Amino acid sequence: MSDTSAPGIALRDEPGRPGLPAGSPDVHISVVICAYTADRWAVMREACRAVQDQLAHADELIVVIDHNEELLHRATSHVDGARVVPNSQTRGLSGARNSGVAASAQGVVVFLDDDAVPRAGWLESIRSLFAEDAVAVVGTRVIPKWQGSRAPSWFPEEFGWVVGCGYRGQPTSRAAIRNPIGASMAIRRTALLSAGGFTSEVGRVGALPVGCEETEFCIRLSEQHPELAVIFTPDAAVDHFVPVERQTLRYFLRRCFHEGRSKRAVARLRGKAQALSAEKHYVKVTLPAALARGISPRSILREPASPARACAVLAGLTATVWGYVTAGSTYGSSAR
C-alpha cells in the first residue's frame, strides 16, 4: 500500500538521511518512558533509576505523562534527573511516544514501558548496534516478571506477547525481524521523522488491551526505506512486570481478541500481506508445535498442566482470529 499518512512530529533538528546518525558520529540516546497511571508509580521510579544508572554523557531521560494532570505534577516534583513533559497529542501510547520524540534531542530514541526495568548493559548493547548505519530499529529481550514469582500453570510460553513480553518462537540470537516488542525498542530519530512517527489509528489507549502501533510503524518504514534494518538483539534485556490482574484467563482471551482487531487495523493501513507476514509462521509452525508438546504423553507425565496449556493455545488462537474477523474494515479510527 502507498498510504504513508501518520501524525507529524516536529523534531528539533532537520533530518539527515534516515540511516545515518544526526550530527555527531557518536551515538547519543534519548530514553522515553510513557506513563498514564499512578498505579505503576513504584516500578516507574525503579525503571527511571535503572535508566539513569546507564546514561552516558549527552544522553537524556524523558518521561511523558499521557493526559493525567495529577500524575504530571507528581512526576515533575519527584522524578529527578528526567525531563517530564505532557502528551501534547491524542491520548494514548502513540501520541505519548510522538510527544516524547518531539521533546528529544538525540539521534536514537529508546522507548521503555513504565513497568519495565532495564537489566545491566541494556543501553550500551543498544548503542553499539546503532554504530551500523543501516540499523534503524532495534528490539530487545523482554522478560516477564510475574507478580507472585511465576506464570499461571496454564499459561503457554508461546503467548508471552499477551503480557507484552517475549515468547517461544521469537529469535534467540541477533536476527532481522518485522517489528520489535514495544516495551523495549530503539529507533533512529531520523527514521522516526522520515516515516512520520506513530499513528493513533492503532495502539494502546489507557488500559484497553490493544496494540500494534510499532508493527504498523515498522512496516511503513520498511516500505519507504527497504534498505534499513529492523533487528532483534538478545544482548539487551528488560524485566517487564506482569500484575496479577493480567494473569487471568479472562485477560488472556480479551488481549488475544483485541490483538486480532489491532491486526485488522494494520491490514487496513498497510495491507494484509505485511500485517500478517510474521503471524503465518507463528500459526503454521510455532502453535502446532505447542499443541504437540501439550498433548504428548511424555509432557503430561512430566507436567500435568500441559493439556491446559494446549487448550489455552487453541483458545488464544480462536479469540485472536475472531477479533480479526469481526473487527470490520473501519476498526482503528472508530475504536477511538
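Biologist: Which residue lies over the face of F198?

Modeller: R97 does, at 5.4 Å from the ring centre. A charge sits over a ring if NZ of Lys or CZ of Arg is within 6 Å of the ring centre and within 35 degrees of the ring normal. Likewise, R74 has its charged end over the ring of W41, 4.2 Å from the centre. Keep in mind that this is a predicted model, where local features need pLDDT of at least 70, side-chain atom pairs count only at pLDDT 80 or more, and totals for chains, interfaces and linings use all residues. Residues are numbered from 1 along each chain as its sequence is written, and side-chain values use heavy atoms, with hydrogens and water left out.

Biologist: How many aromatic pairs are there in the whole structure?

Modeller: A pair of aromatic rings is described by the distance of the centres and the angle of the planes. Rings of Phe, Tyr and Trp (its six-membered ring) pair if their centres lie within 6.5 Å; planes under 30 degrees apart count as stacked, over 60 as edge-to-face and the rest as tilted. The search finds 10 such pairs. Take F111 and F198: their centres are 5.5 Å apart and their planes at 85 degrees, so that's edge-to-face.

Biologist: Is F198 buried or exposed?

Modeller: Buried means under 20% relative accessible area, exposed over 50%, partly exposed in between (1.4 Å probe, protein chains only). F198 is buried, at 0%, and F111 is buried too, at 1%.

Biologist: Which residues do ring pairs link into a cluster?

Modeller: W146, W154, F155, F159, W161, Y167, F252 and Y282. Among them, W154 and F252 are both buried.
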